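Here is a friendly tour of the fold you are about to see. Have the viewer open and follow along, topic by topic.

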Amino acid sequence: MTRVEDTLGRPLRNLRISVTDRCNLRCQYCMPEEEYAWLPRAEILHFGEIAALVDVFTGLGVDKVRLTGGEPLLRRELPRLVRMLAAKPALRDLAVTTNGLLLAEQASALREAGLHRVTVSLDTLRPDRFAALTRRASHAQVLEGIAAVPRAGFAGTKLDTVVIRGLNDDELADLVEFAKAVPAELRFIEYMDVGGATRWSPDQVVSRREMLELLERRYGRIEPIVDDGPAPADRYRLPDGTVFGIISSTTQPFCARCDRSRLTADGTWYLCLYATAGVDLRGPFRAGAGPEALTALITGRWRGRTDRGAEERLALRDRAPLLQVAQLRADPRLEMHTRGG
Ligand code: SAM
Ligand code: SF4
Ligand code: SF4
């Protein structure tokens, strides 16, 4: 294995693979519009293509893969892809991020296929809020999906909550208690001004500092857990020992430690969540480029990587949504739901 580092000394270790740009929810922070431009079906990578690209990436140091979307469980036969990837010894961690809607029916098959871990997005415990936030009345289905995860034998489960002022910032402690019972580790995510978040505004962001203040009011002193690793979440411990995380991408970004990149369902590789251009891997692959040529392409691009998207956004004086609807329509790969979050 050849390890590659970018211009800031950051290794290539973490790959998020979006397996579909389709979704069965319409979260207002991700897909608030009525209509979307979708990736052409013929351009979606087949499982064999994804597996072959993963081999190239693992050859360069990637040992963590997360399947995402859109909603990854909408991709037909997802367990088959999981089985193909789980057979690769180089992958130390193979996880899925899902909205949970289809988990009750798929959790066991995913576990049997060799999936290591599941992260479920859960922003609220209130069905009425869920319906307003996602424009779908399927909260009960999500809770059933979450309950199916430990039953299927998964450990290391996480629940991700995007915290938005006036929407769910009064539920932080309730969500911590819910996660404890699952059992799962809760991670609060600051609302990000990524592509697709066309309704974002700075006043809706609840910062890490505020979240800690809110939780300290309920629980008392919260202790930070010291860890210098690349993981985006800073972790904390409550007085009763419960651990939770905060991903403060908006107010305290972690670009300096970022080892992650993203592959869209159509095989475009993005070196930063905020990048407006990606590297086409599907084109060369389908034109017959072998592992060596793809390795050279990926190595060259990663070595030249200078991205610090979230830090650059933070430095802006007047921060507004990253992209306008017209730009997103013209290139759907700019969408968070295409890039996989
Ligand atoms: N559909 C799956 C889900 O929701 O878990 C996977 C894809 S989704 C794009 C991945 C993650 O991105 C979710 O946890 C979601 O909450 C997060 N996300 C989407 N838009 C966001 C935003 N504007 N700010 C912060 N997180 C966001
Ligand atoms: Fe919500 Fe995930 Fe779908 Fe985006 S991709 S609308 S975050 S469920
Ligand atoms: Fe990594 Fe870009 Fe996110 Fe910074 S903004 S943490 S460089 S993906």
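Two strands count as paired if DSSP finds at least two bridges between them. With that in hand, please keep in mind that this is a predicted model.

- Strands of a sheet pair through backbone hydrogen bonds, in either a parallel or an antiparallel sense.
- Strand β5 (residues 158-163) pairs with strand β6 (residues 185-190) in the parallel sense, over six bridges.
- To find your place in β6, look for Phe 188, which has Thr 161 opposite.

**Helix packing**

- Two packed helices are described by the angle between their axes and by the distance between those axes.
- Helix α1 (residues 47-58) packs with helix α2 (residues 78-86) at about 25°, and their axes are 10 Å apart. Angles under 35 degrees count as roughly parallel, so α1 is roughly parallel to α2.
- The α1 and α2 crossing is right-handed. On the α1 side the contact is made by Phe 47, Gly 48, Ile 50, Ala 51 and Val 54, and on the α2 side by Leu 78, Arg 80, Leu 81, Met 84 and Leu 85. By class, this contact of α1 with α2 has eight nonpolar residues, one polar and one charged.
- α2 also packs with helix α3 (residues 103-112), at an angle of about 20° and with axes 8 Å apart. That angle makes α2 roughly parallel to α3.
- In a right-handed crossing, α2 passes α3. Leu 78, Pro 79, Val 82 and Arg 83 of α2 make the contact with Ala 109, Leu 110 and Glu 112 of α3. The contact of α2 with α3 has five nonpolar, no polar and two charged residues.
- Helix α6 (residues 172-181) and helix α7 (residues 208-219) pack at about 70°, with axes 9 Å apart. This makes α6 roughly perpendicular to α7.
- From α6, the contact draws on Leu 172, Ala 173, Asp 174, Val 176 and Glu 177; from α7, on Met 211, Leu 214, Leu 215, Arg 218 and Tyr 219. The contact of α6 with α7 has seven nonpolar, no polar and three charged residues.

**Backbone details**

- Most residues other than glycine have a negative phi, and most peptide bonds are trans.
- Glu 77 has a positive phi, near 60°, and sits in the loop between β2 (64-68) and α2.
- The peptide bond from Val 182 to Pro 183 is cis, with omega near -5°. Pro 183 belongs to the loop between α6 and β6.

**Ligand surroundings**

- Which residues surround ligand 2? They are Cys 23, Leu 25, Cys 27, Tyr 29, Cys 30, Met 31, Gly 70, Asn 99 and His 337. This shell around ligand 2 divides into six nonpolar and three polar residues, with no charged ones.
- Around ligand 3 you will find Arg 10, Phe 254, Cys 255, Cys 258, Arg 262, Cys 272, Leu 273, Tyr 274, Arg 305, Asp 307, Gly 309 and Ala 310. By class, the shell around ligand 3 has seven nonpolar, one polar and four charged residues.

Conventions: Residues are numbered from 1 along each chain as its sequence is written. Chains are lettered from A and ligands numbered from 1 in the order in which they are written. This is a predicted model: local features need pLDDT of at least 70, side-chain atom pairs count only at pLDDT 80 or more; totals for chains, interfaces and linings use all residues. Side-chain values use heavy atoms; hydrogens and water are left out. A residue is near a molecule or strand if one of its heavy atoms lies within 4 Å of it. Ala, Val, Leu, Ile, Met, Phe, Trp, Tyr, Cys and Pro count as nonpolar, Asp, Glu, Lys and Arg as charged, and the others, Gly among them, as polar. Axes are lines fitted to C-alpha atoms, for helices over the stretch in contact, and angles run from 0 to 180 degrees between N-to-C directions. Helices (H or I, at least four residues) and strands (E, at least two) are DSSP runs, numbered from the N terminus. Angles under 35 degrees count as roughly parallel, over 145 as roughly antiparallel, 65 to 115 as roughly perpendicular and the rest as oblique. Contact means heavy atoms within 4.5 Å. A crossing is left-handed if the near helix is turned anticlockwise from the far one by less than a right angle, and right-handed if clockwise.
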